[in-house]
Amino acid sequence: MMLLPTHHFRDIERKPEYLQPEKCVPPPHPGPVGTMWFIRDGCGIACAIVTWFLVLYAEFVVLFVMLIPSRDYVYSSINGIVFNLLAFLALASHCRAMLTDPGAVPKGNATKEFIESLQLKPGQVVYKCPKCCSIKPDRAHHCSVCKRCIRKMDHHCPWVNNCVGENNQKYFVLFTMYIALISLHALIMVGFHFLHCFEEDWTNLLQAYGLTREGTAEAQISLHEKKQPPKVSSTECSSFSPPTTVILLILLCFEGLLFLIFTSVMFGTQVHSICTDETGIEQLKKEERRWAKKTKWMNMKAVFGHPFSLGWASPFATPDQGKADPYQYVV
């Protein structure tokens, strides 16, 4: 049977001479307790800032262009509360996904002393990452941006400036879900706003000249001949000028549609990855399955916590994943 490049590289990692523990410096001293995880990557930081800017832009258009000028206070209040709640949860999920350690393996722990302390049984092997000089657990992969090996690494996402791994996958899933929801909500409100304003401006035009709908065509011809365009106020629809309002709403439509498609696809792929218990990298590389197969419900609880509760939808609830051994070796 022909071995895939990934399998061949794993076989090389198994060889004792590949470990070369004498070439690894002792691991650095752990930082103070409570040290925040943050990746200093210029592209990732820029993408994270753009993400916040786009959400805040949607907030601005929804509040100051559509809801506040509206005379329907019940409509404005309900939609304002719902949209702001979803936006807050989206940004909170983004922060948790960005500032949570995704499951980084201690750097530089492939030393002779550490390997001896593992007390491996005969036949047990360990993997060493040649890039960060660490002993890798099974299903861990090295991220060239984070410069660390990440347990159950799915992919590195520049929009959250972090890897999506074992410890922060829940927050990334919530981030994609809430962004998709606010995008859909914004698109629906823009649609209603356009319909309402066009109908209201049409009605105002008729009332300004005391006309019925049947006489509108004649009025337009008369106004064209006199070269006196009607001046009808539309301050009920927006506090901005009509051209500015249209431009702001079109930009919001474009942003909402783009992010609705993108985040919906990401949300679907992440849920599928969780249910099958196979990360994006493992699917891409077609890695051999070396771990026990579990039910979809057990896989969901492993990511979102035990037991099922409203905490699954909260970015502030840290999932209780149990005390799993971070080092899993393959015989």
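Modeller: What follows starts with the cysteines, goes on to the loops, and ends with the helices and the chain as a whole. The model is a predicted one.

A disulfide is a covalent bond between the sulfur atoms of two cysteines. How many disulfides does a search of the whole structure find? The search finds zero. C149, for one, is in no disulfide, and the nearest cysteine sulfur, in C132, is 3.5 Å away. For a pair to count as a disulfide, the two sulfur atoms must be within 2.5 Å. The sulfur of C163 has its closest cysteine sulfur in C143, at 3.2 Å, and that is too far for a bond. Are C149 and C163 buried or exposed? C149 is buried, with a relative accessible area of 0%, and C163 is likewise buried at 0%.

Next come the loops. Most residues other than glycine have a negative phi, and most peptide bonds are trans. C133 has a positive phi, near 55°. This residue lies in the loop between strand 1 (127-129) and strand 2 (134-136). C133 counts as buried because its relative accessible area, 17%, is under the 20% limit. N161 also has a positive phi, near 50°. Its place is the loop between strand 5 (155-157) and strand 6 (162-164). With a relative accessibility of 0%, N161 is buried.

A positive phi is found again after helix 8, where D277 follows the helix with a phi near 55°. Helix 8 itself covers residues 242-276, which makes 35 residues. From its first C-alpha to its last, helix 8 reaches 50 Å, close to the 51 Å expected at 1.5 Å a residue.

Two packed helices are described by the angle between their axes and the distance between the axes. The axes of helix 8 and helix 10 (residues 296-304) cross at roughly 115° and come within 7 Å. Helix 8 is therefore roughly perpendicular to helix 10. On the helix 8 side, the residues that meet helix 10 are I274, C275 and T276. Their partners in helix 10 are K296, N299, M300, V303 and F304. In the segment after helix 10 lies P307. A cis peptide bond joins H306 to P307, with omega about -15°.

Another pair is helix 3 (residues 42-67) with helix 4 (residues 73-99), whose axes are 11 Å apart at an angle of about 175°. These two helices are therefore roughly antiparallel to each other. The residues of helix 3 that meet helix 4 include A48, W52, V55, L63 and L67. In helix 4, the residues that meet helix 3 include Y75, F83, L91, C95 and M98.

As for the whole, the protein chain has 10 helices and six strands. Of its 331 residues, 43% count as buried. Among contacts between residues at least 6 apart in sequence, 72% join residues at least 24 apart. The accessible surface of the protein chain comes to about 19100 Å², and 68% of it belongs to carbon and sulfur atoms.

Terms used
Residues are numbered from 1 along each chain as its sequence is written. This is a predicted model: local features need pLDDT of at least 70, side-chain atom pairs count only at pLDDT 80 or more; totals for chains, interfaces and linings use all residues. Side-chain values use heavy atoms; hydrogens and water are left out. Helices (H or I, at least four residues) and strands (E, at least two) are DSSP runs, numbered from the N terminus. Buried means under 20% relative accessible area, exposed over 50%, partly exposed in between (1.4 Å probe, protein chains only). Contact means heavy atoms within 4.5 Å. Accessible areas come from the Shrake-Rupley method with a 1.4 Å probe; for residues, only the protein chains shown count as cover. The expected span of a helix is 1.5 Å times one less than its number of residues. Axes are lines fitted to C-alpha atoms, for helices over the stretch in contact, and angles run from 0 to 180 degrees between N-to-C directions. Angles under 35 degrees count as roughly parallel, over 145 as roughly antiparallel, 65 to 115 as roughly perpendicular and the rest as oblique.
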